[in-house]
Amino acid sequence: MRIGQVDSFRVEFFQPENQRHIIYPQRGGITRIRTDEGLTGYGFAAVDADAVSQILVGEDPFQIECHMEAGLDRWYGAENALWDIVGKAAGLPLHKLLGTYREKIPLYVTCVWPGADDQTDVTPEQRAEDVVHYAECGYKAVKIRSWQADPMVDVEVVRLVRERVGGPDKLELMMDRTAHKSGRIWDYDTGLKVARALEEVEASWLEEPFGAREVPQHARLRAATDIAITGGEGQPREIYQNYIKGEAFDIVQPHCGNFLGDLKKIAAMAELAGVECIFHGSMFALELVGSLQIAATVRTCRMQEFVIWPVRSLESSGPPVLPEEMWSPLNGLVKGEEFFAVEEGYLKIPQAPGLGLELDEDALEEYRVPD
């Protein structure tokens with residue numbers, strides 16, 4: 001089998017008319033690789049098709065590591081598409097080839113309310129109400145983004161939820177600082193204060209309270225507290241060696257939109273060091289397609305994130321949107337009934353050969369963004 005053609009384009013999915021008042025865009029890139037034996041692999045990120053073609057056309061799609069050495073390590077969409085071909089050639093979903101640990105995974109919601117710092121009009125009481133709604137809908141864990149100028153406001157949200165829902169056995173709660181994106185890096189004393197307060201309200205983890213690649217500060221906080229300190233979103237594979245050697249995190253969190261080989265390697269490296277690996281999520285469901293196949297094979301990847309923004313309808317006082325509503329525009333892209341299936345807070349690992357989804361080529365053309 002040889003690679004015959006590579007093309008790449010962008011897609012944007014339409015919201016149903018009765019949901020136009022809710023903002024939840026679903027868009028992204030598609031990379032399509034065809035072989036001379038009629039198999040087609042899809043990766044869910046755009047690439048430079050001309051450059052990738054120079055690397056891949058005429059080559060064996062199974063030799064993924066060789067292609068990475070040859071320059072494919074700049075385009076994860078193409079690497080993902082090759083794995084899709086490998087699974088389809090075997091007639092199995094990728095997780096079955098790599099060694100399945102789970103067939104479904106708890107889906108946790110990350111709430112990103114409109115407005116950063118003190119600009120949001122959503123009160124702590126309303127945010128707590130939103131979190132409780134997800135718990136009532138069957139979700140077992142919720143994370144809140146902490147970009148308030150006073151982080152203790154976010155701790156108060158966790159406290160209010162605890163009063164309504166109960167302890168961690170009822171609902172796991174986490175805080176995402178992602179400090180390098182917030183515009184305000186905490187000093188060590190602030191990080192320690194927030195971590196101690198979160199311990200009191202039984203939060204599970206505090207995510208990246210300091211700079212993204214700051215190892216000593218995170219390691220110091222991790223050693224001084226009982227709450228898990230986590231991080232790693234959006235960083236290259238090599239950085240995780242520093243995190244693990246420097247004992248920065250209890251949980252490393254490589255982003256879901258990634259090289260699938262790298263996700264597997266990072267998870268293995270972390271497990272050998274006694275560190276969990278729970279993949280970071282996205283609000284774009286396309287970015288989860290490949291990583292879910294890897295998550296199904298990683299013992300410590302005990303749940304998967306999906307980001308909600310904004311949390312509620314812009315023209316309604318009703319409950320916040322659910323993940324299923326956010327990715328519902330993608331349902332028309334697949335030949336099955338729905339893009340992803342969620343049951344009692346668990347996302348079912350897609351089971352079609354390759355990356356798990358059987359795409360509708362006509363739908364791809366319909367949603368394709370003109371060049």
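Predicted model: local features only at pLDDT ≥ 70, side-chain atom pairs only at ≥ 80, totals over all residues.

Which residue of E6 does Val142 stand opposite? I looked it up: Val142 faces Leu173 in E6.

**Entry: E5 and E6**

I followed that pair along its strands. Strand E5 covers residues 141-145, and five bridges join E5 to E6, the two running parallel. Then I asked how enclosed E6 is. Strand E6 (residues 172-176) has five of its five residues buried, so the strand is largely enclosed by the rest of the structure. I also sorted the side chains by direction. Glu172, Met174 and Asp176 point one way from E6, while Leu173 and Met175 point the other way. Both sets are buried.

**Entry: the three-stranded sheet**

Next I went to the open sheet of three strands, where the order is E1-E2-E3 and the pairing is antiparallel. Its edge strands are E1 (3-12) and E3 (40-43), each pairing on one side only. On average, neighbouring strands here are turned by 20° against each other, direction ignored. I checked the E2 to E3 link too: strand E2 takes in residues 27-35, and four bridges join E2 to E3, antiparallel. In that pairing, Arg34 stands opposite Thr40 of E3.

What packs on this sheet? I found helix H3 (residues 76-90), which touches E1, E2 and E3. The direction of H3 makes about 140° with that of E3. Helix H1 (residues 49-56) lies across E1 and E2, and runs at about 155° to E1.

**Entry: Val194 and its helix**

I picked Val194, which sits in helix H8 (residues 188-200). Is Val194 buried or exposed? Its relative accessibility is 1%, so Val194 counts as buried. Setting aside neighbours within four places in sequence, I listed what Val194 contacts: Pro151, Met152, Val155, Met175 and Trp186.

Then I looked at how H8 meets helix H9 (residues 215-224). The two pack at an angle of about 35°, with axes 10 Å apart. The crossing of H8 past H9 is right-handed. From H8, the contact uses Tyr188, Gly191, Leu192, Ala195 and Arg196. From H9, Gln217, Arg220, Leu221 and Ala224 take part. Sorted by type, the residues of this contact are five nonpolar, two polar and two charged.

**Entry: the cores**

I turned to the nonpolar cores. The largest has 108 residues, and Leu198 and Phe339 have the most contacts inside it. H3 gives the largest share of this core, six residues. What does Phe339 touch, not counting residues up to four places away in sequence? My list reads Ala285, Leu286, Val289, Leu330, Asn331, Leu333, Val334 and Leu357.

**Entry: His133**

Last stop: His133, in helix H5 (residues 124-136). I wanted to know why His133 counts as buried. The reason is its relative accessibility of 17%, and buried means under 20%. Leaving out neighbours within four places in sequence, His133 is in contact with Pro319, Pro320 and Leu322.

Notes. Residues numbered from 1 in each chain as written. Heavy atoms only, no water. Pairing = 2+ DSSP bridges. Axes fitted to C-alpha atoms, helices over the stretch in contact; angles between N-to-C directions. Contact = heavy atoms within 4.5 Å. Buried < 20%, exposed > 50% of the residue type's maximum accessible area, 1.4 Å probe, protein only. Left-handed = near helix turned anticlockwise from the far one by under 90°. Nonpolar A, V, L, I, M, F, W, Y, C, P; charged D, E, K, R; others polar. Core = buried A, V, L, I, M, F, W, Y, C linked by side-chain atoms within 4.5 Å.
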